[in-house]
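Here is a short report on one protein chain. Please look over the sequence and the model before reading on.

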Amino acid sequence: MTELRIREAARVIVLDDEDRVLLTRFTFLDGLEVWTTVGGGVEAGETHEDAARRELREEAGLEVREVGPCVWTRDHLIHNPVSFDVQRERFFLVRTKAFEPIPRLSWPELNAEGMTGIRWWTIEEILAATDTRFGPRRLGPLLADLVRDGVPAEPIDVGV
């Protein structure tokens, strides 16, 4: 039996002062679109926190000195795997004032990674979006719990 190839990743739940969340859209070769939090793979020599800060700069143009606590985790089986089968994600919380996301990477560079959009969403919009796929799939209820209850004592495994 072949061992699963695991990619470590850092994701960032960016919430503004109105509790809107910044999400990125990924479009796969088969046309599947998924909206998820800012983030990506941990590179050699990086900590998860380093990767979270780098991804914030690259995908959203946001510079932060520190990321907040890790609030969620998930092992995500990859749709159409190429170089890895599972992405092991840690989700960090960052609170910020609203800003216009201007990625530091060019759109051709982001498109090459599958990223095709970025925008702010309200929790209500996520909960009402029945024809939109989110990662994690229960993103709306998870965000509502996070905003209502605050940071959990231990990171929550959010599943698929």
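## Basis of the model

This is a predicted model: local features need pLDDT of at least 70, side-chain atom pairs count only at pLDDT 80 or more, and totals for chains, interfaces and linings use all residues. Residues are numbered from 1 along each chain as its sequence is written, and side-chain values use heavy atoms, with hydrogens and water left out.

## Overall fold

The protein chain has four helices and eight strands. Both kinds of element are DSSP runs, numbered from the N terminus: helices are H or I with at least four residues, strands are E with at least two. From the N terminus, the order is β-β-β-α-β-β-α-β-α-β-α-β.

A compact globule of 160 residues would have a radius of gyration near 15 Å, and the protein chain agrees, with 15 Å. That radius is taken over C-alpha atoms, and the globule rule is 2.2 Å times the number of residues to the power 0.38. Along the principal axes, the C-alpha atoms fill a box of roughly 45 × 35 × 35 Å.

## Burial, contacts and charge

Of the 160 residues, 42% count as buried. Buried means under 20% relative accessible area, exposed means over 50%, and partly exposed lies in between (1.4 Å probe, protein chains only). The accessible surface comes to about 8800 Å², and 51% of it belongs to carbon and sulfur atoms. These areas come from the Shrake-Rupley method with a 1.4 Å probe; for residues, only the protein chains shown count as cover.

Take the contacts (heavy atoms within 4.5 Å). Among those with a separation of 6 or more, 66% are between residues 24 or more positions apart. The protein chain carries 20 positive and 30 negative side chains, and the centres of the two sets lie 0 Å apart. Lys and Arg count as positive, Asp and Glu as negative; His and the chain ends are not counted. Each charge is placed at NZ of Lys, CZ of Arg, CG of Asp or CD of Glu.

## Helix H1

Helix H1 covers residues 48-60; its 13 residues should span 18 Å at 1.5 Å a residue, and its end C-alpha atoms agree, at 17 Å apart. The expected span is 1.5 Å times one less than the number of residues. Ten of the 13 residues are buried, so H1 is largely enclosed by the rest of the structure. Among them are His48, Ala51, Ala52, Leu56 and Ala60.

The buried residues of H1 pack against strands S1 (6-15), S2 (21-27), S3 (33-41), S5 (86-95) and S6 (115-121), and against helix H2 (107-112). Just after H1, Gly61 takes a positive phi of about 75°.

Glu55 sits in helix H1. At 5% relative accessibility, Glu55 counts as buried. Leaving out residues up to four places away in sequence, Glu55 touches Val38, Gly39, Gly40, Gly41 and Ala60.

Val42 lies in the loop between S3 and H1. Val42 is partly exposed, at 23% relative accessibility. Beyond its neighbours within four places in sequence, Val42 is in contact with Glu8, Ala9, Ala10, Thr47, His48 and Ala51. Val42 and Glu55 are 13 residues apart along the chain, and their C-alpha atoms are separated by 9.4 Å.

## Trp121 and Ile126

Trp121 belongs to strand S6 and counts as buried at 5% relative accessibility. Not counting residues up to four places away in sequence, Trp121 touches Arg20, Val21, Leu23, Trp35, Ile126, Ala129, Thr132 and Phe134.

Ile126 is in helix H3 (residues 123-128) and is buried, at 4% relative accessibility. Ile126 and Leu143 are 17 residues apart in sequence and 9.5 Å apart in space, C-alpha to C-alpha.

## Backbone details

The peptide bond from Gly135 to Pro136 is cis, with omega near -5°. Pro136 lies in the loop between strand S7 (134-135) and helix H4 (139-149).

Asp19 is in the loop between S1 and S2. Asp19 is not a glycine, yet has a positive phi of about 65°. With a relative accessible area of 24%, Asp19 is partly exposed.
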